[in-house]
Each structure stands twice: as structure tokens, then as C-alpha cells.
Amino acid sequence: MQKYECPCGYVYDPMEGDPDNNIPPETAFEDLPEGWVCPLCGAEKEFFTKKG
């Protein structure tokens, strides 16, 4: 699964998910809920770019 990076430097790794926001491991970036935002800066998904 593809990692995505926020402009602030936070990297969403689907193998880790986002446990602080109840996103389980192995959740693809495309499958994140509509209202999910970067846990560090609050940026919306549209601002993330594919990493690697």
C-alpha cells in the first residue's frame, strides 16, 4: 500500500494506520474517512501527495 505525505512532513503509512484517530492498520489512504485530516497540522486529504 502506498504512503502519502502531508506538506507539514507527516507521512500516512497504511500499514500503521492512525491509531490516535481510530484508523486501524492496513487502511489504504483512499479508504480513509471523508473528514480525516492530518493529525499534526489538520490539512485535508487533498493536500497529501504520494511518497516514493
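We will go from the overall fold to the aromatic rings and then to the cysteines.

What you see is a predicted model, in which local features need pLDDT of at least 70 and side-chain atom pairs count only at pLDDT 80 or more, while totals for chains, interfaces and linings use all residues. Residues are numbered from 1 along each chain as its sequence is written, and side-chain values use heavy atoms, with hydrogens and water left out.

Let us start with the whole chain. It has 0 helices and 3 strands, and from the N terminus the order of elements is β-β-β. Here, helices (H or I, at least four residues) and strands (E, at least two) are DSSP runs, numbered from the N terminus. For 52 residues, a compact globule would have a radius of gyration near 10 Å, and the chain agrees with its 10 Å. This radius is taken over C-alpha atoms, and the globule rule is 2.2 Å times the number of residues to the power 0.38. Of the 52 residues, 33% are buried; buried means under 20% relative accessible area, exposed over 50%, and partly exposed in between (1.4 Å probe, protein chains only). Contact means heavy atoms within 4.5 Å. Among contacts with a separation of 6 or more, 41% are between residues 24 or more positions apart.

Now look for the aromatic rings. A pair of aromatic rings is described by the distance of the centres and the angle of the planes. Rings of Phe, Tyr and Trp (its six-membered ring) pair if their centres lie within 6.5 Å; planes under 30 degrees apart count as stacked, over 60 as edge-to-face and the rest as tilted. How many aromatic pairs does a search of the whole structure find? There are 8 aromatic pairs. In one of them, Tyr4 and Phe29 have ring centres 4.0 Å apart and planes at 10°, so this pair is stacked. Tyr4 belongs to strand 1 (residues 3–5), whereas Phe29 is in the loop between strand 2 (11–12) and strand 3 (49–51), so the pair links distant parts of the chain, 25 residues apart. Tyr4 and Phe29 are both buried. Phe29 also pairs with Phe48: their centres are 5.4 Å apart and their planes at 45°, so that pair is tilted. Phe29 and Phe48 are both buried too. Ring pairs link Tyr4, Tyr10, Tyr12, Phe29, Trp36 and Phe48 into a cluster.

Finally, find the cysteines. A disulfide is a covalent bond between the sulfur atoms of two cysteines; the cut-off used here is a pair of cysteine sulfur atoms within 2.5 Å. The search finds 0 disulfides. For Cys6, the nearest cysteine sulfur is that of Cys41, 3.6 Å away. For Cys8, the nearest is that of Cys38, at 3.7 Å. Are these two residues buried or exposed? Cys6 is buried, with a relative accessible area of 3%, and Cys8 is partly exposed, at 38%.

According to an unreviewed UniProt entry, the annotation "binding site" covers Cys6, Cys8, Cys38 and Cys41. UniProt positions are given in the numbering used here, feature names are shortened, and annotations may be inferred rather than shown by experiment. These four residues are spread over 36 residues of sequence but cluster in space, with a largest C-alpha distance of 8.8 Å.
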